[in-house]
Amino acid sequence: MDNESLTLAEGQKHGQAAEQKPVPDQARPSDTPPACLSLAVLSGKGGVGKTSLTLNLALALEEAGAKTLVVDGDLGLANIDVLLGIAPDGSLQDFLLGRARLEDLVVRVSPGLDVLPAASGAEDLVTVTQASRGLLADSLAPHLAGYGFVFLDLGAGIAANVRELSALARMKLVVTTPEPTALTDCYALMKVLNASQGTTDFACIVNSVQEEGEEAFTVQRLGGACSRFLGFEPRFLGAVRQDPAVAKAVCLREPLLRSFPESGAAKDIRAIARRLLAERARMQMQGLLDPPLVLPDDSPQADRAALLAKKPS
Ligand SMILES: Nc1ncnc2c1ncn2[C@@H]1O[C@H](COP(=O)(O)OP(=O)(O)O)[C@@H](O)[C@H]1O
Ligand SMILES: [Mg+2]
């Protein structure tokens, strides 16, 4: 085991963590209407709760008056439709292959939540290239004015599709559980995105916390390794407790905030949504939200002709 892995996997047990930096809970009042904050939801390890968190954060933001678009960016194993109990007609892949218009694919789930679904089991059908990333950004841009938040719910790991799509988002939101395997994979993901895209600004949510002190332990462990070996630390937005209501909601195919709105996990998610509102206000004040999506310098102008030429017959 190398030094980085040792730092993440061993050492102090729970309850001996460094102080967590506070995140303001209230957005400052402002006369300017809120701009759109785009977030890429990422994890090193799969199954840590990205999709459940994304949907329920969107519903918590809706409760707070914000409107959200959730893009299912897990092109191989898409499942937002399953969690919502909806059967969409088309998918993001149809758009990327030039078979459908974006506006025809968006599904209105509730007044404050729209979803752009993806198809599952189509992993080899679409590889997101710089050109298709540019096309998606160009096509999404005119529709984003009405949204306060756009979440790109991505697949786990560091595959090319994840890296290409995550580059579009202003905020890279990493999700981990306190498990050493999830932590080491989360660290590796940040290391790769830092090396490939120069990203140093990550926000982090710790999901499935089981006992007191586990959140602080995770923050210390992950933050410590990042600061020591990468030279930056993620900002921790909060933790969500492990709660059997989450799995029950999945089985009901109804989001937790609807099926078990008073559950402990639902309360934790609402607290994180408040912090996201504060983060958006801070970023807006610093002039970081315009335009809402980022097109990196290496991204060529969208070229539908070139893209369609790759369409399989
Ligand atoms: N806070 C939690 N408490 C209990 N179970 C959870 C929690 N968060 C997620 N889960 C479980 O983990 C499973 C995987 O979650 P999912 O959102 O699909 O992960 P990912 O998108 O990262 O692959 C869910 O089916 C749910 O049962
Ligand atoms: Mg998922």
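Six bridges join β7 to β8, and the two run parallel; strands count as paired if DSSP finds at least two bridges between them. The model is a predicted one, in which local features need pLDDT of at least 70 and side-chain atom pairs count only at pLDDT 80 or more, while totals for chains, interfaces and linings use all residues. Residues are numbered from 1 along each chain as its sequence is written, and chains are lettered from A and ligands numbered from 1 in the order in which they are written.

Cys204 also stands opposite Val174. Strand β6 (residues 171-176) is joined to β7 (residues 202-209) by five bridges, again in parallel.

These strands belong to an open sheet of eight strands with mixed pairing, in the order β3-β4-β2-β5-β1-β6-β7-β8. At its edges lie β3 (107-110) and β8 (235-241), each of which pairs on one side only. On average, neighbouring strands of the sheet are turned by 25° against each other, direction ignored. Although an edge strand, β8 is mostly covered, with five of its seven residues buried. A residue is buried if 20 or more other C-beta atoms lie within 10 Å of its own, exposed if 12 or fewer, and partly exposed in between, with C-beta atoms placed from the backbone.

Helix α9 (residues 214-229) lies across β6, β7 and β8 and runs at about 145° to β7. Axes are lines fitted to C-alpha atoms, for helices over the stretch in contact, and angles run from 0 to 180 degrees between N-to-C directions. Together, β7, α9 and β8 make a right-handed β-α-β unit: with the strands pointing away from the viewer, the path from the first strand over the helix to the second runs clockwise.

The largest nonpolar core has 89 residues, and Leu39, Leu152, Leu173 and Ile269 have the most contacts inside it. Helix α12 (residues 264-285) contributes the largest share of this core, eight residues. Such a core is a set of buried Ala, Val, Leu, Ile, Met, Phe, Trp, Tyr and Cys residues joined through C-beta atoms within 7 Å. Leu39 touches Phe149, Phe151, Leu152, Ala169, Met171 and Leu173, not counting residues up to four places away in sequence; contact requires C-beta atoms, placed from the backbone, within 7 Å.

Key. Helices (H or I, at least four residues) and strands (E, at least two) are DSSP runs, numbered from the N terminus. Two residues are in contact if their C-beta atoms, placed from the backbone, lie within 7 Å.
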